[in-house]
Amino acid sequence: MVDSRERGNGKFLDITAVIFIISTYIFATNPDFNLVYRVSYILFFVIILFNKLIHTKKFEISYHTIWMIIVLSFYITSMLWSDEPQYRIILEMGINLFVVTALVSYASSKDKVEVIIKGNVIAGIIFIGYLLYEVGFDNLLQIKYRLVLEYYNSNAVGIFLAISSISATYLYFKNKKNSYLVLIAVFSVVILLTGSKKAIFSLVFGIALYLLFREKRKKKVYLNIILVCAFVGLIMYLSFNVDFFYRIIGSRIDALKDTIFNKKIDESDGNRIMMIRYGIEWFKYNPIIGHGVGNYEVMLARTIGMETYSHNNYIELLVGVGIIGFLAYYSMYWFIARKLIVIRKMDKDLIAFAMSIFFTLVIMEIGLVSYYSTTNQLVIALAFVIIRIVDPTKKRMVAIKGGITK
């Protein structure tokens with residue numbers, strides 16, 4: 001029997017986790033709320049740490065945390081040979097190490113994982129409320145190009161809401177509540193307003209993966225394929241046949257189509273291609289250990305005067321930390337991808353959710369830099385803990401005291 005004190009402690013931890021998720025998504029990049037974000041992740045880590053020490057007399061470190069420590073150690077070392085040490089990136093990675101370790105420790109059961117998934121949805125709802133407060137509903141309907149909110153990158157906003165949409169999709173199929181369908185529709189409309197091609201791809205690809213992976217029966221698979229096609233068709237119809245949405249996103253998709261099929265490259269896509277080419281050349285100069293973490297931006301600024309990252313996680317890491325740092329970072333990706341495929345039949349809904357968010361991130365990293373993003377590190381950690389819960393036969397936690405435990 002679980003007494004009332006333990007239930008109360010569990011609820012308190014759940015609330016703390018949800019507050020942390022909301023703070024990460026909404027407050028992390030906004031200087032007006034930066035203190036709220038800092039306090040939330042410090043409290044989250046401290047509360048989880050003390051809870052573990054009080055109740056279990058030990059604090060477990062997962063293999064995921066060990067991986068983060070190894071990666072961070074090499075990236076810190078790379079500053080020894082970098083032209084300009086990027087302390088900001090190391091600081092962000094250090095913060096991620098602590099908060100993600102706390103999250104992995106917290107998410108010790110399926111119920112806790114579902115609290116995190118619900119937290120993703122709640123964070124999406126709160127963010128849209130904040131958006132309406134800042135922009136105003138009337139002004140939202142008069143947007144001519146794409147949604148721009150001070151301190152918030154449109155791509156980041158869109159991808160975060162895509163995660164909220166995939167989370168709402170999981171909760172709909174688990175609970176069969178139509179309110180989740182309404183939320184998916186609202187999230188999707190706001191994603192269209194961001195004008196982010198990456199976000200729309202994340203939305204469509206992530207939900208499609210979830211629907212296709214969760215079913216094993218052929219009839220259900222065919223039905224889900226029809227649902228996916230209908231969803232994609234609806235998004236495309238709104239993008240190209242409604243003037244309001246065409247100005248914001250349809251025209252951008254047209255430009256991308258011209259780039260792919262007609263070789264007509266607009267300025268944005270042209271810059272991305274140019275940055276990838278520069279990155280490949282710089283990688284060749286120092287392929288083993290790279291030029292130092294975060295130094296792609298430094299080299300680009302010196303070459304063409306454009307001070308920005310590569311917009312490609314693979315190129316960013318190859319240039320910054322070379323093959324060694326690249327393989328160290330993506331070793332966890334390889335482990336997660338391989339395990340998800342092996343155990344995909346053990347829990348169709350939860351594994352389908354993990355596969356949808358994880359493989360969407362893998363593809364999206366072609367167009368974004370995510371290795372020090374807290375949001376994206378939470379996605380990786382969530383996929384890891386789902387594997388640990390669904391396949392408990394393997395021991396993936398190391399106790400600070402008392403040897404190995406599950």
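1. Lys112 is buried at a relative accessible area of 17%, where buried means under 20% relative accessible area, exposed over 50% and partly exposed in between (1.4 Å probe, protein chains only). The model is predicted, so local features need pLDDT of at least 70 and side-chain atom pairs count only at pLDDT 80 or more, while totals for chains, interfaces and linings use all residues. Residues are numbered from 1 along each chain as its sequence is written, and side-chain values use heavy atoms, with hydrogens and water left out.

2. Lys112 forms a salt bridge with Asp14, at 2.8 Å from N to O; the term requires a side-chain nitrogen of Lys or Arg within 4 Å of a carboxyl oxygen of Asp or Glu. This pair links distant parts of the chain, with Asp14 in helix 1 (residues 4-26) and Lys112 in helix 5 (residues 110-135), 98 residues apart. Helices (H or I, at least four residues) and strands (E, at least two) are DSSP runs numbered from the N terminus. Asp14 also counts as buried, at 16% relative accessibility. By the salt-bridge rule the count comes to eight.

3. Lys339 and Asp391 meet through their side chains in a salt bridge of 3.2 Å, N to O. Here too the pair links distant parts of the chain: Lys339 is in helix 14 (residues 313-342) and Asp391 in the loop between helix 16 and strand 2 (397-399), 52 residues apart. Both Lys339 and Asp391 are buried.

4. The salt bridge between Asp83 and Arg302 has its closest N and O atoms 3.1 Å apart. Asp83 lies in the loop between helix 3 (63-77) and helix 4 (87-106) and Arg302 in helix 13 (residues 295-304), so the pair ties together parts 219 residues apart in sequence. Asp83 and Arg302 are both exposed. Salt bridges with shared partners join Asp83, Glu84 and Arg302 into one network.

5. Which helices each supply at least two residues of the lining of the largest cavity? They are helix 7 (154-175), helix 15 (348-364) and helix 16. On a 1 Å grid over the protein atoms alone, a cavity is a set of points where a 1.4 Å probe fits but cannot get out, and lining residues have an atom within 4 Å of a point. The lining of the largest cavity includes Ile159, Ile163, Ser202, Thr360, Met364 and Asn376. By class, its lining residues are nine nonpolar, three polar and no charged; Ala, Val, Leu, Ile, Met, Phe, Trp, Tyr, Cys and Pro count as nonpolar, Asp, Glu, Lys and Arg as charged, and the others, Gly among them, as polar.

6. Helix 7 reaches 31 Å from its first C-alpha to its last, close to the 32 Å expected at 1.5 Å a residue; the expected span is 1.5 Å times one less than the number of residues. Lys176 follows helix 7 and has a positive phi, near 55°.

7. In helix 16 (residues 374-390), 17 of the 17 residues are buried, so helix 16 is largely enclosed by the rest of the structure. Its end C-alpha atoms are 24 Å apart, which agrees with the 24 Å that its 17 residues should span at 1.5 Å a residue.

8. A search of the whole structure finds 29 aromatic pairs. Rings of Phe, Tyr and Trp (its six-membered ring) pair if their centres lie within 6.5 Å; planes under 30 degrees apart count as stacked, over 60 as edge-to-face and the rest as tilted. Tyr37 and Tyr41 have ring centres 5.1 Å apart and planes at 70°, so this pair is edge-to-face. Both lie in helix 2 (residues 34-56), four residues apart, about one turn of the helix, and both are buried.

9. Tyr170 and Tyr210 have ring centres 6.3 Å apart and planes at 75°, so they too are edge-to-face. The pair links distant parts of the chain, with Tyr170 in helix 7 and Tyr210 in helix 9 (residues 197-213), 40 residues apart. Tyr170 is buried, with a relative accessible area of 2%, and Tyr210 is buried, with 0%.

Definitions and conventions. 1 Å grid on protein atoms, 1.4 Å probe; cavity = no way out; pocket = protein on both sides within 12 Å on 5 of 7 lines; lining within 4 Å.
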